[in-house]
Amino acid sequence: MATFWQTIIITFICVIAGLMIFSILLVLVSRFMISLLVHRTLVRFMSDRYAENLWELASALTRMSPQLVLENALRSHKGGVIERPMGSPRKFLHLDGLVFSPAQLAVLPCPEDIPVETTTVIGPSSENPLVLDIPLLISAMGCGVGVSEQTKIALALGATMAGTATNTGEGGFLPEERKLAKHLIIQYHSGKWTKSPEILKQADMIEIHFGQGASVGAPSLIPPEYLQGRARQIMGLKPEETAVLHSRHEEIQEPSDLKNLVDHLRTLTGGIPIGVKIAASGMIEKDLQVALDAGVDVIAIDGGQAGTKGSLPILEDDFGLPTVYALSRAVRFLEQSGQREKVSLIIGGGLFTPGHFLKALALGADAVYLGTSVLFAMTHTQVTKTIPWEPPTQLVFYSGSHKEKFDPARASLYLSNFLNSCMEEIKIAVRALGKSSIKEVNKSDLVALDDLTAKVTGVQSAYEPALHVHPSFRQKSSVLASRPFYKTKIVR
C-alpha cells in the first residue's frame, strides 16, 4: 500500500517538474523567437527603400484615415453608393466649447429641498398642447424603414415610463406603439403610408417631415428584398413594390403650399400641435420664415451630427449646419420674429449627455430629440448577443440578423433608467445654477471657452469679466435666502 502511494507521489512530482521545465524552455524559446522577429522587422523597416517599405501604409494613413480607406474599398468592391449607419464621424464645432457658471456667492445655489420643475409644453399656442414630464424626446425611428417592431415597442414603453413622447418616424403605423405610448408624435412624411385620417387622428402631435440631419431632403428607395414581413403590410405595399420616400411632398410644390397642409392637419386632428422637421441649411432663416408663415406650432431641427439607419457619407459629412450653429441661428430668428414664446423649438443631432441636453436648453431649445444615445442605452448588456461577430445595430434594425434575440421588456427598462438618470443629473445641475426650473436656465448661465463658440452662440467669453450682477439674480438670491435653509445657525 505504501509503495502504491509512493508511486503516485513520485509520478505527481515528475509531472510538476516536467511542466516547470517545459514552461522554462517555452519562455526561453519565446523570448528568442520574439527577439528574432522584432530584430528582422526593425531591420527591414530601417533598410527597405520607401517604395517597398511597409511603413508606407502607416504614412499614408496619416493623410487618409482607416475609415476613409475602408469606405473607398467598399465603393471599389460594390461599384454603387454605400450607406453608413449612425451618422458622420466628422468632428464639428459642438457644445463642448461651453461650460456652465456655477452659483456660489453672488448667486447662491438652490437648496436641495426645492423641487426642480421639468414639465415641458410643446406647441403652447395650439388648442391641445403636448405636455410632457421632461424635455427629452425620442426622435423619429421608422418601423420597417429603420428599426424593428420590437424596438418600436421598447421605445414606446420606455418613453411612457419616463413621461415623454416617442416619434413614429417614416415607417408604417404600428398599433402596438400607439397603445403603449402615452404621448405619440406621428410623422407626416413624403411616402404614401401612415396618412389616413383614422391614423392621423390618433396623434398627440404631427410632425411634417422635410429633412433630417443625416440624409437632408434626399429621396429614399427601399427594394422589396430589404423590406419583408409585417412592415410591408402596415405600409400597404404590394409584394414587389419598392418603398419610396420622395424628395418632395405631393401636396407641396411651392413653399406657400405648406400652409394649406398645416391647416388641413390641424382641422383634421382637433387642434393638436402641428410642426415641421427640417435639416439645418445655410438658409435656415428662410426655411423658418416659410414655416412661420404656414402657422406651425413646432419646429424641429436636425443638426449635421444627427444619425440615421443608413445614409450616403456625402450627405452625412458634407451637408447641413452643425447643431450648435443651427440652434443659435434659429433661436435668434424666432426672437427677432417675435415668435419665441409661441412656437416650440426642438433640436437634435449629436446630443449624447445630460450636459449636452441642458446646454441646448440653455441656448434656447424647448426640448431635445435623442436617437443614437437612446439606441445604445436601450440595448445595454444585450449587445453581448451580437458582439464580437456582428455590430449591436443588428439587434434593433428591421433587417438585423439578430433582431429576434432583442428583449423589448429589458430594453424599455434600460431606456427609462437612462432618461431618468439624465434628468436627475440635470436637476442637480439646475440647482447648482441657483435655479429651480429648467425654463429658468439660459445663456447667461454659460460661458464660452473659445472665441468661435462665443461668436456663434452669443455667449459671454470665459476671459471677459462679469462686472455686473443681473438684477434678476439678486432677486432670486434674496428669495432663496428668505428660506429657513439659509437661516440655520451653524454650530461649530
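Which residues line the largest cavity? They are Ser328, Val331, Arg332, Leu363, Lys443 and Thr457. Keep in mind that this is a predicted model, where local features need pLDDT of at least 70, side-chain atom pairs count only at pLDDT 80 or more, and totals for chains, interfaces and linings use all residues. Residues are numbered from 1 along each chain as its sequence is written, and side-chain values use heavy atoms, with hydrogens and water left out.

**The cavity**
- Searching the whole structure turns up 1 cavity of 30 Å³ or more (a set of points on a 1 Å grid over the protein atoms alone where a 1.4 Å probe fits but cannot get out; lining residues have an atom within 4 Å of a point).
- The largest cavity holds about 50 Å³ of space, with volume taken as the space filled by probe spheres set on the grid points, which are joined across faces, edges and corners.
- Helix H11 (residues 323–336) gives the largest share of that lining, 3 residues; helices here are DSSP runs of H or I, at least four residues, and strands are runs of E, at least two, numbered from the N terminus.

**Helix H11**
- H11 has 14 residues and spans 20 Å from first C-alpha to last, close to the 20 Å expected at 1.5 Å a residue (1.5 Å times one less than the number of residues).
- Gly338, with a positive phi near 75°, follows H11.

Methods:
1 Å grid on protein atoms, 1.4 Å probe; cavity = no way out; pocket = protein on both sides within 12 Å on 5 of 7 lines; lining within 4 Å.
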